[in-house]
Amino acid sequence: MTDGKSFASSSLPRHLARGALGFGALASSVLLVPVVGMAALLLAPLGLLALRGCPMCWTIGLLQTVSHGRLRRSCADGHCELSVVQREHDVLSR
């Protein structure tokens with residue numbers, strides 16, 4: 001994902017809320033079919049929209065949201081490295 005695309009949310013609670021809405025709508029769309037009929041499947045697009053397309057996209061976004069600001073990727077000469085960013089409070093506590 002070196003082209004700048006990100007699935008991360010601005011905050012972890014917001015990302016988890018999107019996940020609850022998305023997975024809840026997907027599960028409800030299948031589980032409510034015997035009760036409501038095929039109209040329940042109208043919840044599936046809402047779930048996919050909340051998950052930004054697919055459950056894997058949401059999972060990648062969760063990992064990006066959690067690691068936001070903690071990891072730094074640097075690429076040079078076709079070789080990329082991932083390193084942990086030293087924060088001020090980490091440096092001050094030494």
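Ser 29 lies in helix 1. Helices here are DSSP runs of H or I with at least four residues, strands are runs of E with at least two, and both are numbered from the N terminus. The structure is a predicted model, in which local features need pLDDT of at least 70, side-chain atom pairs count only at pLDDT 80 or more, and totals for chains, interfaces and linings use all residues. Residues are numbered from 1 along each chain as its sequence is written, and side-chain values use heavy atoms, with hydrogens and water left out.

Ser 29 has a relative accessible area of 2%, so this residue is buried. Buried means under 20% relative accessible area, exposed means over 50%, and partly exposed lies in between (1.4 Å probe, protein chains only). Residues up to four places away in sequence are set aside in listing what Ser 29 touches. Its partners are then Ala 40, Leu 41, Leu 43 and Ala 44. A contact means heavy atoms within 4.5 Å.

The wider chain gives the setting. The protein chain holds five helices and two strands. Their order from the N terminus is α-α-α-α-β-β-α. The chain has 94 residues, and 19% of them are buried. Among contacts with a separation of 6 or more, 49% join residues 24 or more positions apart. The accessible surface of the chain is about 6,900 Å². Carbon and sulfur atoms account for 66% of that surface. Such areas come from the Shrake-Rupley method with a 1.4 Å probe; for residues, only the protein chains shown count as cover.

Helix 1 spans residues 12-31. Its 20 residues, at 1.5 Å a residue, should span 28 Å, and this agrees with its end C-alpha atoms, which are 28 Å apart. The expected span is 1.5 Å times one less than the number of residues. The buried residues of helix 1 are His 15, Arg 18, Gly 19, Gly 22, Ala 25 and Ser 29. They cover an arc of only 140 degrees around the axis, so they sit on the same side of helix 1. The arc is taken from the directions that run from the helix axis to the C-beta atoms. These buried residues pack against helix 2 (33-36), helix 3 and helix 4. The other side of helix 1 carries exposed Pro 13, Ala 20 and Leu 31.

Leu 16 also belongs to helix 1. Its relative accessibility is 42%, so Leu 16 counts as partly exposed. Together with Leu 12 and Val 66, Leu 16 makes a nonpolar surface patch of about 220 Å². Patch residues have over 30% relative accessible area and no salt bridge; like charges are joined within 9 Å, and nonpolar side chains (Val, Leu, Ile, Met, Phe, Trp, Tyr) within 5 Å. A salt bridge is a side-chain nitrogen of Lys or Arg within 4 Å of a carboxyl oxygen of Asp or Glu.

Helix 3 has its own buried residues: Ala 44, Gly 47 and Ala 50. Seen down the axis, they fall within an arc of 125 degrees, so they line one face of helix 3. They pack against helix 1. Pro 45 and Leu 49 are exposed on the face turned away from the buried side. Arg 52 follows helix 3 and has a positive phi, near 60 degrees.

Cys 54 is placed in the loop between helix 3 (43-50) and helix 4 (55-67). At 24% relative accessibility, Cys 54 counts as partly exposed. Cys 54 and Gly 22 are 32 residues apart along the chain, and their C-alpha atoms are separated by 9.3 Å. Gly 22 is one of the buried residues of helix 1.
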